[in-house]
Amino acid sequence: CSAPKRIGENIAGTYMGRLQRDDVKGISQVAEQDIEECFDKVLAILQSNIIEVEVLKIDRRRHSIMALVSRDPELDDIDSVFDANSADVGIFLASAGPKATRVEIRSLSSITADYTAMKIFPVLQTKE
C-alpha cells in the first residue's frame with residue numbers, strides 16, 4: 001500500500017523524501033519560538049505576499065512543508081522554454097530547545113533554496 005502512494009507522490013512532485021537526501025543543499029537557522037508557534041509562523045509567511053509560493057503538502061506531525069517557490073524572472077531566462085524560476089522546496093522544522101526551533105530549507109535548486117531562506121528567515125526573527 002505504501003509503494004503506490006510514494007509513486008503517486010513522486011509523479012505529483014510532492015514527495016518530500018527526495019529533498020532530505022544528503023546531496024541536497026540545505027540552509028538552516030534557529031528561530032526563538034517553540035516548534036508549533038514557528039510552524040504556524042512559517043505557514044503564515046507562505047500564505048502572505050512576501051514570497052510567491054504554492055504550498056503542495058503540509059505534514060504537521062513531522063513539522064514539514066513542501067512548496068513550489070517561484071522567483072522573479074531573470075533577464076537571461078526570458079527565452080527559456082521551461083520555467084527555470086520555480087522549484088520544489090522542503091521546509092523542515094526540528095526542536096532545538098524549549099523555546100527554539102531549527103528551520104531548514106532544502107531544494108534541488110540552490111538558488112531557490114537561498115531565495116526562499118532570504119524571504120523567510122528575516123520574518124521568523126521578528127517578534128510578533
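Predicted model: local features only at pLDDT ≥ 70, side-chain atom pairs only at ≥ 80, totals over all residues.
Student: Let's start with Ser-28. Which strand is Ser-28 in?
Tutor: Ser-28 lies in strand β1, which covers residues 25–31.

Student: Buried, exposed or partly exposed? I mean Ser-28 again.
Tutor: Ser-28 counts as partly exposed, because its relative accessibility is 43% and that class lies between the 20% and 50% cut-offs.

Student: What does Ser-28 touch, leaving out residues up to four places away in sequence?
Tutor: Ser-28 touches Arg-102, Val-103, Glu-104 and Phe-121.

Student: How far is Ser-28 from Glu-104, C-alpha to C-alpha?
Tutor: Their C-alpha atoms are 4.1 Å apart, while 76 residues separate the two along the chain.

Student: Glu-104, then. Which side chain does the Glu-104 side chain make a polar contact with?
Tutor: That of Arg-106, at 3.1 Å. Arg-106 is in strand β5, residues 100–107.

Student: And is Arg-106 buried or exposed?
Tutor: Arg-106 is buried, because its relative accessibility is 11% and the cut-off for buried is under 20%.

Student: What about Arg-106 and Phe-92, how far apart are they?
Tutor: They are 14 residues apart in sequence, and the C-alpha to C-alpha distance is 8.1 Å.

Student: New topic. In which sense do β2 and β3 pair?
Tutor: Antiparallel, over 7 bridges; β2 is residues 52–59 and β3 is residues 64–70. Within that pairing, Glu-54 stands opposite Leu-68 in β3.

Student: How many residues are between β2 and β3?
Tutor: There are 4 residues between them, and the two strands form a hairpin. In the turn, His-63 has a positive phi of about 50 degrees.

Technical notes: Residues numbered from 1 in each chain as written. Heavy atoms only, no water. Buried < 20%, exposed > 50% of the residue type's maximum accessible area, 1.4 Å probe, protein only. Contact = heavy atoms within 4.5 Å. Polar contact = N/O pair within 3.5 Å; in protein donor to acceptor, adjacent residues only side chain to side chain. Pairing = 2+ DSSP bridges.
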